[in-house]
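Here is a short briefing on one protein chain. Look at the sequence and the model first, then go through the points below.

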Amino acid sequence: ARSGRIKARGVIGDVFDWKKPRQYFFWRCKRRLAENDILKKLQEADEDLSHKDGMQAIADMVGDKSDEEFLQYVEANPDAVADLVKKVRAGGIKKTLSDLLSDVSVEEIQERLAELAAEQ
């Protein structure tokens, strides 16, 4: 029960059955690879997204699942991953626009929008 005490102190994240270490590490590695793949897509959608924020977005999407359940969810719900990427991209665009427009007055923005509307 040493491992239980070590986990309680936060030194390790999980305790597993040593009788099945290959199975445990197989699913753990597959999950990490899948998480990294999703994180890469998120960071391509928003270059300013940190690793921590990306991993939190993935955790929020999937919830608290075991490694195997995580992989089953991701494989069964590719639209959820695509929606998360769209959401992150939209957030990045909003932040970029906000940063760009922070020095522009509301009147100038309205004038430019009117000009664009007139061109079409």
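The protein has 6 helices and 0 strands. From the N terminus on, its elements run α-α-α-α-α-α. The model is predicted.

**Overall figures**

- Of the 120 residues in the protein, 22% are buried.
- The protein exposes about 9500 Å². Carbon and sulfur atoms supply 52% of that area.
- Consider the contacts with a separation of 6 or more: residues 24 or more positions apart account for 43% of them.

**Helix H5**

- H5 covers residues 78-101. At 1.5 Å a residue, its 24 residues should span 34 Å. The end C-alpha atoms are 35 Å apart, which agrees.
- Which residues of H5 are buried? They are Ala80, Val81, Leu84, Val85, Val88 and Gly92.
- An α-helix has 3.6 residues a turn, so residues three or four places apart point the same way.
- The cover over the buried residues of H5 includes helix H2 (21-45), helix H3 (51-62) and H4.
- Asp83 also belongs to H5. Its relative accessible area is 45%, so Asp83 counts as partly exposed.
- Asp83 and Met61 are 22 residues apart along the chain. Their C-alpha atoms are separated by 9.8 Å.

**A nonpolar surface patch**

- Ile93, Leu97, Leu100, Leu101 and Val104 make a nonpolar surface patch of about 430 Å².
- Leu97, one of the patch residues, sits in helix H5.
- Is Leu97 buried or partly exposed? Leu97 is partly exposed, at a relative accessible area of 46%.

**Asp67 in helix H4**

- Helix H4 takes in residues 67-76, and Asp67 lies in it.
- Asp67 has 9% relative accessibility. Buried means under 20%, so Asp67 counts as buried.
- Leaving aside residues up to four places away in sequence, Asp67 touches Trp27, Arg28 and Arg31.

**Aromatic pairs**

- The structure holds 2 aromatic pairs.
- Tyr24 is buried, with a relative accessible area of 17%. Phe25 is partly exposed, with a value of 39%.
- Phe26 and Trp27 make another pair. Their ring centres are 5.0 Å apart. Why is this pair edge-to-face? The planes lie at 80 degrees, and over 60 counts as edge-to-face.
- Phe26 is partly exposed, at a relative accessible area of 45%. Trp27 is partly exposed too, at 23%.
- Trp27 is also one of the residues that Asp67 touches.

**Helix H6**

- H6 runs over residues 106-119. At 1.5 Å a residue, its 14 residues should span 20 Å. The end C-alpha atoms are 20 Å apart, which agrees.
- How many of the 14 residues of H6 are buried? The number is 0, so H6 lies largely in the open.
- In H5, by contrast, residues including Leu84 and Val88 are buried.

Technical notes. Residues numbered from 1 in each chain as written. Predicted model: local features only at pLDDT ≥ 70, side-chain atom pairs only at ≥ 80, totals over all residues. Heavy atoms only, no water. Helix = DSSP H or I, 4+ residues; strand = E, 2+ residues; numbered from the N terminus. Expected span 1.5 Å × (residues − 1). Buried < 20%, exposed > 50% of the residue type's maximum accessible area, 1.4 Å probe, protein only. Contact = heavy atoms within 4.5 Å. Patch = residues over 30% accessible without salt bridge, like charges linked within 9 Å, V, L, I, M, F, W, Y side chains within 5 Å. Areas by Shrake-Rupley, 256 points an atom, 1.4 Å probe, with all protein chains shown as cover. Salt bridge = Lys/Arg side-chain N within 4 Å of Asp/Glu carboxyl O. Phe/Tyr/Trp six-rings, centres within 6.5 Å; stacked < 30°, edge-to-face > 60°.
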